[in-house]
Amino acid sequence: MHTFRHGKTERLRGRAGVKQRIRRLQAEPLCRDCKAKGRIIAATVPDHIIPLDKGGTDTDDNIRCLCQPCHVVRTAEQFGFRVKQTIGLDGWPIDQDL
Ligand SMILES: [Zn+2]
């Protein structure tokens with residue numbers, strides 16, 4: 001399942017990536033961080049607990065499903081800085097696409 005390139009796990013792209021994303025969201029449909037705070041929020045992003053850039057693997061045990069705002073916060077934590085959140089017109093933070 002894994003493609004190793006330059007010693008780093010590459011995430012699946014294209015069709016396979018879409019299928020994998022849907023499967024993971026079905027397995028964990030609620031945001032894990034929100035759930036921990038007693039909030040029931042639909043997850044929209046399967047997030048790597050250990051980022052691929054930091055040696056994490058693209059396997060289900062390295063995945064947690066999050067809502068978009070939690071994903072932005074977690075990504076900022078993982079990369080050691082705080083994202084200056086830009087809130088879009090719909091009231092959601094604009095994805096920084098890190
Ligand atoms: Zn959340």
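Student: What is the geometry of the zinc ion site, judging by the angles among its 4 donor atoms?

Tutor: Happy to start there, keeping in mind that this is a predicted model. The angles among the 4 donor atoms run from 105 to 115 degrees.

Student: Which residues coordinate the zinc ion, and with what spacing along the chain?

Tutor: The ligands are Cys31, Cys34, Cys67 and Cys70, each through SG, at 2.3 Å. Among them, Cys34 in helix 2 and Cys70 in helix 3 link distant parts of the chain, 36 residues apart. Along the chain, the donors follow the spacing C-x2-C-x32-C-x2-C.

Student: Are Cys34 and Cys70 buried or exposed, and which residues make up the largest nonpolar core?

Tutor: Both Cys34 and Cys70 are buried. Cys31 has contacts of its own, including Ile41, Ala42 and Leu66. The largest nonpolar core has 5 residues: Cys31, Cys34, Leu66, Cys67 and Cys70.

Student: Why do the buried residues of helix 1 lie on the same side, and what do they pack against?

Tutor: Good one! The buried residues of helix 1 are Gly17, Gln20, Arg24 and Leu25. They cover an arc of only 130 degrees around the axis, which puts them on the same side of helix 1. These buried residues pack against strand 3 (45-48) and strand 4 (63-66).

Student: Which exposed residues does helix 1 carry on the face turned away from its buried side?

Tutor: An α-helix has 3.6 residues a turn, so residues three or four places apart point the same way. On helix 1, the face turned away from the buried side carries Arg15, Lys19 and Gln26.

Definitions and conventions. Residues are numbered from 1 along each chain as its sequence is written. This is a predicted model: local features need pLDDT of at least 70, side-chain atom pairs count only at pLDDT 80 or more; totals for chains, interfaces and linings use all residues. Side-chain values use heavy atoms; hydrogens and water are left out. Donors are N, O and S atoms within 2.8 Å of the metal (3.2 Å for Na, K and Ca); water is not among the atoms, so sites may look incomplete. Four donors count as tetrahedral if all angles lie between 85 and 135 degrees; four count as square planar and six as octahedral if opposite donors are over 155 degrees apart and all others between 65 and 115; anything else is irregular. Helices (H or I, at least four residues) and strands (E, at least two) are DSSP runs, numbered from the N terminus. Buried means under 20% relative accessible area, exposed over 50%, partly exposed in between (1.4 Å probe, protein chains only). A nonpolar core is a set of buried Ala, Val, Leu, Ile, Met, Phe, Trp, Tyr and Cys residues joined through side-chain atoms within 4.5 Å. Contact means heavy atoms within 4.5 Å. The arc is that of the directions from the helix axis to the C-beta atoms.
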